[in-house]
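Reader: I am new to this structure and would like to know what stands behind the words used for it. Could you take me through a few of them?

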Amino acid sequence: AAPPPRPQAETHASLEAKLVEEATAPGGVRATIARDELRRLCSQVRTLNASAVARALEASLAAPEWQRRLKALCVIEALLKDGHPDVANHFAVEMHSVIALHSSAQVSVKEKAGKVLMLLGWDPPEEGEEAPGAGGTAAAAAATAA
């Protein structure tokens, strides 16, 4: 009997997760990813489930290591520039995960988040306005303190 399609889908999902895990690993000499590596990743994603890649990248944005978050932002930026609609759609809906990094204490993470948000068409709030999707008491406190 033929195997059910579900395990095959899980195998593909694990391929996407593994790709993102390897690309965003916090080790290495550089905190970012080389251009040729980003081009290779963009090509690989075309053969995989781009929505699963986007979900794995979103999970990496919440990682405790700032290097992993920065590398995830680098991959997202490259995929957006390369025209991956599934990735663009995912982060247009889940923009809050990138907006949260826009206020990072780590300057490189903050700057890269700003570049990704620009690619997503985010319009930053004026000083004292609440960021769309930011929500929470911190944003409300910032708005009332301004």
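Author: Gladly! Let us begin with a term: a helix here is a DSSP run of H or I with at least four residues, and helices are numbered from the N terminus. Glu77 has its place in helix 4. Please keep in mind that this is a predicted model.

Reader: How many helices and strands are there in the chain?

Author: The chain has 8 helices and 0 strands. Read along the sequence, that gives the pattern α-α-α-α-α-α-α-α.

Reader: Why is Glu77 called buried?

Author: Buried means under 20% relative accessible area. Glu77 has a relative accessible area of 9%, so Glu77 counts as buried. Across the 146 residues of the chain, 36% count as buried.

Reader: What makes Lys81 exposed?

Author: The word exposed needs a value over 50%. With a relative accessible area of 59%, Lys81 is therefore exposed.

Reader: How do you know that Glu77 and Lys81 meet in a salt bridge?

Author: The cut-off is a side-chain nitrogen of Lys or Arg within 4 Å of a carboxyl oxygen of Asp or Glu. For Glu77 and Lys81 the distance from N to O is 3.5 Å, so the pair qualifies. Both residues lie in helix 4, 4 residues apart, about one turn of the helix. In general, side chains of opposite charge can pair when their charged atoms come close.

Reader: What makes Lys112 and Glu77 a salt bridge?

Author: The cut-off of 4 Å applies here too. Lys112 and Glu77 come to 2.6 Å, N to O, and so form a salt bridge. Lys112 lies in helix 7 (residues 107-119) and Glu77 in helix 4, so this pair ties together parts that are 35 residues apart in sequence. Both Lys112 and Glu77 are buried.

Reader: Which residues does Glu77 touch, not counting those up to four places away in sequence?

Author: They are Lys112, Lys115, Val116 and Leu119.

Reader: Which element gives the largest share of the lining of the second largest pocket?

Author: That is helix 4, with 4 residues. The lining includes Glu77, Lys81 and Lys112, and the pocket holds about 180 Å³ of space.

Notes:
Residues are numbered from 1 along each chain as its sequence is written. This is a predicted model: local features need pLDDT of at least 70, side-chain atom pairs count only at pLDDT 80 or more; totals for chains, interfaces and linings use all residues. Side-chain values use heavy atoms; hydrogens and water are left out. Helices (H or I, at least four residues) and strands (E, at least two) are DSSP runs, numbered from the N terminus. Buried means under 20% relative accessible area, exposed over 50%, partly exposed in between (1.4 Å probe, protein chains only). On a 1 Å grid over the protein atoms alone, a cavity is a set of points where a 1.4 Å probe fits but cannot get out, and a pocket is an open set with protein on both sides within 12 Å along at least five of seven lines; lining residues have an atom within 4 Å of a point. Grid points are joined across faces, edges and corners, and a volume is the space filled by probe spheres set on the points. Contact means heavy atoms within 4.5 Å.
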